[in-house]
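Please read them alongside the sequence and the coordinates.

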Amino acid sequence: MEKGSRKKKGMTFIPYDYEAAFEKNIEDLHEFFVEQLLKNRYKCVYALKEITAGEQFEVEIYPEFRTMDDVPETGRVRKDNAAAQRNLNDKNARKYVERLLNHNFDNNDIWITLTYGEGEEPETMEQAIRNMQNYIRRINYQRRKRGLPAAKYIYITEHSPDTEIRWHHHLIMDGLLDMDTVEAVWKKGRRNETRRLEKDEHGLTGMSIYITKEKDRKKGEKRWNCSQNLKQFRVRKVHSKPPAAGKGGYKPIGKYVDGFVKDRANIEEQMTRWYPDFDFTDSGVYYNDFNGMFYIRARMRRKTDGKEEDKKKRQNMHRVDCNRWYGTDYSNGGGSIQRAAGKRDTGGKQV
């Protein structure tokens, strides 16, 4: 067990929706009331969760509780509260998709929107997913013919009759197969759109929020699916940290919270001390009136020195040269002449 993550004997905490429990932004609160919250809050243990997904790095700091009665009403998740449990499951699933995207895809990969022509639309979500599974099988057939491994992908199916949103699929896939073939393999409609991914300072988070928006999802219905060959992002939770990376004695996370709440600038300063390999992006502090506790989040991005970008450029140039040598031009959608014993993918697993 890593240092800083050790718990006292008998110290068990219950899961709850800490984002829902702490909805109010501290920026909307007068400085006097912030001081009152700090003076009168309950005592508790704070946890710090680190999530590493590709170049993106997230930090979540939140209080942990032993009984549900200590949790603010908005964050409670009970067996007899199906709506709260479903809301938490949906939120976690959207986070999961976002982090998978950031961890597995970059600007060399593609985003395809697949649509349906008149008379081709599915009648149910199950039928829509079967259509995508068949499409992925045909994609992997084309890839095997070219000596490419099985596709890495995530797809989201969207449909909302109440808002007149027609059936369509958002597919994010690695860019090894040329884009003309990717579009040609889809037989259900011709008004499709294929483009390269474009990461910003938050990676692919903005795109993920757009394609995972929820509209009229039925209970138990799965809309997000992914291939089984994606790499998992890293999650680590601790209850104490030293003042700087590798320096000083460990202090409970709660000891840092007051400084974060009093001055947001302290968050950036402390994050850069803890994580010197990352650039600070943004942060937020949230609270509730129930127990005067706080939820703090921060986002960072891995520092680059230009070497990784140069490496990717050289790899892309090598792909184009190889494609020309073998008499096939995959330059508009990427390509690879290396043969890989990729595992046959039958349409992905549901998230």
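1. Two strands are taken to pair if DSSP finds at least two bridges between them, and the elements themselves are DSSP runs numbered from the N terminus, helices being H or I of at least four residues and strands E of at least two. The model is predicted, with local features needing pLDDT of at least 70 and side-chain atom pairs counted only at pLDDT 80 or more, while totals for chains, interfaces and linings use all residues. Residues are numbered from 1 along each chain as its sequence is written, and side-chain values use heavy atoms, with hydrogens and water left out.

2. The sheet is open and has six strands in the order S1-S12-S13-S3-S2-S9, with antiparallel pairing. Strand S1 (24-25) and S9 stand at its edges with a single partner strand each, so one side of each has no neighbour in the sheet. S2 and S9 are joined in the antiparallel sense over five bridges, and Leu48 has Val238 as its bridge partner in S9.

3. Elsewhere in the sheet, strand S12 (residues 278-287) pairs with S13 in the antiparallel sense over nine bridges, and Asp279 stands opposite Arg301 in S13. Strand S3 (residues 56-64) runs antiparallel to strand S13 (residues 294-302), and six bridges join the two; Val59 stands opposite Ala298 there.

4. Leaving aside residues up to four places away in sequence, Met271 touches Val59, Ile61, Phe280, Ala298 and Met300, where contact means heavy atoms within 4.5 Å.

5. Tyr96 and Phe233 form an edge-to-face pair, 5.7 Å centre to centre with 65 degrees between the planes. The pair links helix H3 (residues 82-104), which holds Tyr96, to the loop between strand S8 (224-226) and strand S9 (234-238), which holds Phe233, 137 residues apart. Tyr96 is partly exposed, at a relative accessible area of 22%, whereas Phe233 is buried, at 14%.

6. The ring centres of Tyr135 and Trp186 are 5.4 Å apart and their planes stand at 85 degrees, so this pair is edge-to-face. Tyr135 belongs to helix H4 (residues 125-145) and Trp186 to the loop between helix H5 (179-184) and strand S7 (193-196), so the pair ties together parts 51 residues apart in sequence. Both Tyr135 and Trp186 are buried.

7. One aromatic cluster is formed by Phe57, Tyr256, Phe260, Trp274, Tyr275 and Phe278. A charge sits over a ring if NZ of Lys or CZ of Arg is within 6 Å of the ring centre and within 35 degrees of the ring normal. The charged end of Lys241 lies over the ring of Trp274, 5.6 Å from its centre, and Lys251 lies over the face of Tyr256, 4.7 Å from the ring centre.

Notes
Phe/Tyr/Trp six-rings, centres within 6.5 Å; stacked < 30°, edge-to-face > 60°. Buried < 20%, exposed > 50% of the residue type's maximum accessible area, 1.4 Å probe, protein only.
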